[in-house]
Each structure stands twice: as C-alpha cells, then as structure tokens.
Amino acid sequence: MASKRFTAIMKTVDPKKAYSLADAVALIKASATAKFDETVELHMRLGIDPRQSDQLIRSTVSLPHGTGKTKRVIAFVEGAQEAAAKEAGADLIGNEEMIDEIVKTGKIDFDVAVATPAMMPKLAKAARVLGPKGLMPNPKTDTVSNNVAKMITEQKGGKVTFKNDNTSNLHMIVGKASFTAEKLADNVRVSIEAIRKAKPASSKGIFMRS
C-alpha cells in the first residue's frame with residue numbers, strides 16, 4: 001500500500017504529459033520532502049531484446065557532478081602496486097588473503113572493485129560471490145587495467161556503470177535531491193547521451209522508449 005506522501009507526490013505528476021528536463025528536475029526538487037538526502041535515479045525502458053547477447057547494454061559514464069555518494073573502492077593488485085593504489089584513494093587492498101576471506105565468508109565491505117589483469121585469474125574463485133552483486137571487475141566497465149590509479153580516481157570521481165536488466169529496463173543513480181537543478185540536469189543529460197551511444201547495432205526501431 002502506497003504511503004500518504006507517495007500518493008500526494010503522484011498527484012503532482014501528469015502521466016500523459018511529456019515533461020522537459022528542466023520541468024522534470026524542478027518536480028523532483030519540489031517533491032523531495034524526506035528527512036534525508038534522497039537519491040535521484042534515471043529509469044529507462046529500452047527497445048532491446050535482452051535474450052539476445054548482441055543487444056545487451058553494459059557501459060560506464062562519468063557524471064560531471066558525481067553521484068553524491070562516497071564509494072568504497074577495493075583494488076585487487078599485486079604487492080608492487082599496493083602503494084600506488086593506496087595513494088590513489090583505495091579504501092581496501094585486495095590480496096590473495098582477502099580473496100580467500102570473501103570466498104569463505106561472503107562478506108563484502110565495498111561498493112566497487114577494480115583489478116589488474118594479473119589478479120583476474122586469482123579473483124576468479126570469488127566470481128560466484130561478486131558476480132551476482134555486479135561487483136566482479138570487468139574490462140567493459142573500465143575496472144580491469146594496469147593503470148590502477150586512473151581506475152580508482154575515476155570511480156571516486158563519479159564514474160557509474162549501467163546495464164539493462166532482464167526486462168529491457170535500465171536503472172542508474174544520477175545524483176542527490178540536494179544537488180542544484182542545474183547539476184541534476186547536467187548529470188541526466190550526460191547519462192542519456194551515454195545510453196544513446198551504447199545502443200547495440202542490432203537493436204532496431206525505437207531505442208529509448210520511455
């Protein structure tokens with residue numbers, strides 16, 4: 001059952017109206033009346049067939065104003081690169097002992113994982129824990145590279161991974177309600193353009209449906 005607050009907010013939205021980005025952001029700002037800083041998300045229905053592997057969407061975008069959320073980043077690196085990872089701002093260093101601990105306990109105390117190519121074979125045994133949570137490093141999401149400092153800096157600075165779910169929908173965080181209308185609009189604009197660029201060549205018809 002919907003709360004009174006949610007019901008009241010929904011009355012301010014005309015489901016038959018196509019809002020401009022500026023109007024949509026203004027509506028979000030006006031309806032953000034919770035006692036905490038609410039997260040703003042972009043949800044999109046795509047014209048793809050998620051059953052076809054060549055139509056899956058998976059990419060990244062660097063939001064100009066970040067997400068408003070501080071990410072805890074773990075860097076799976078070999079000993080020689082630990083110092084560089086720490087200097088770049090890694091919250092945790094993932095060595096072989098850490099990998100074994102994740103496999104054993106299933107405990108995850110980070111929001112994003114990056115890794116060097118050399119660590120990927122060692123990290124493979126943790127895939128059943130990290131994979132379902134979307135935390136397995138992947139070259140497609142710019143989280144596997146020998147340039148550890150660059151990966152960490154980008155993740156800390158507002159890089160977001162987005163992908164479709166199995167119902168052809170896509171969901172991503174684009175900021176906080178406390179952001180100015182201009183910053184929210186900037187983040188949404190950049191996100192939409194990144195999704196547009198990620199359109200698979202095999203996807204026909206209308207790509208961004210709603």
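1. Let's start with a pair of helices: α2 passes α8 in a right-handed crossing. Keep in mind as you look that this is a predicted model. To find the two helices, go to residues 21-31 for α2 and residues 181-197 for α8.

2. How far apart are the axes of α2 and α8, and at what angle do the helices pack? The axes are 10 Å apart, and the angle is about 125 degrees. That angle makes α2 oblique to α8, because the roughly perpendicular class covers 65 to 115 degrees and the roughly antiparallel class covers angles over 145.

3. Now zoom in on who touches whom. From α2 come Leu21, Val25 and Lys29, while α8 brings Ala181, Leu184, Ala185, Val188 and Arg189. Sorted by type, the residues of this contact are 6 nonpolar and 2 charged, with no polar ones. Take a look at the numbering too, with this bit of background in mind: an α-helix has 3.6 residues a turn, so residues three or four places apart point the same way.

4. Next stop, the segment after α8, where you'll find Ser203. Is Ser203 buried or exposed? Its relative accessibility is 3%, so Ser203 counts as buried, the cut-off for buried being under 20%.

5. What does Ser203 touch, once you set aside its neighbours within four places in sequence? Its partners are Gly47, Ile48 and Gln55. With Gly47 there is a polar pairing to look for: a polar atom of the Ser203 side chain sits 2.8 Å from the backbone oxygen of Gly47.

6. Helix α4, residues 96-105, is worth a visit at both ends. Its N-terminal end is capped by Asn95, which has a side-chain oxygen 3.2 Å from the backbone nitrogen of Glu97. After the helix comes Gly106, with a positive phi near 75 degrees.

7. Finally, step back and look at the whole chain. Along the principal axes, the C-alpha atoms fill a box of roughly 55 × 45 × 35 Å. Of the 210 residues in the chain, 36% are buried, and Ser203 is one of the residues that count as buried. As for contacts with a separation of 6 or more, 71% of them link residues 24 or more positions apart.

Methods:
Residues numbered from 1 in each chain as written. Predicted model: local features only at pLDDT ≥ 70, side-chain atom pairs only at ≥ 80, totals over all residues. Heavy atoms only, no water. Helix = DSSP H or I, 4+ residues; strand = E, 2+ residues; numbered from the N terminus. Buried < 20%, exposed > 50% of the residue type's maximum accessible area, 1.4 Å probe, protein only. Contact = heavy atoms within 4.5 Å. Polar contact = N/O pair within 3.5 Å; in protein donor to acceptor, adjacent residues only side chain to side chain. Axes fitted to C-alpha atoms, helices over the stretch in contact; angles between N-to-C directions. Parallel < 35°, antiparallel > 145°, perpendicular 65-115°, else oblique. Left-handed = near helix turned anticlockwise from the far one by under 90°. Nonpolar A, V, L, I, M, F, W, Y, C, P; charged D, E, K, R; others polar.
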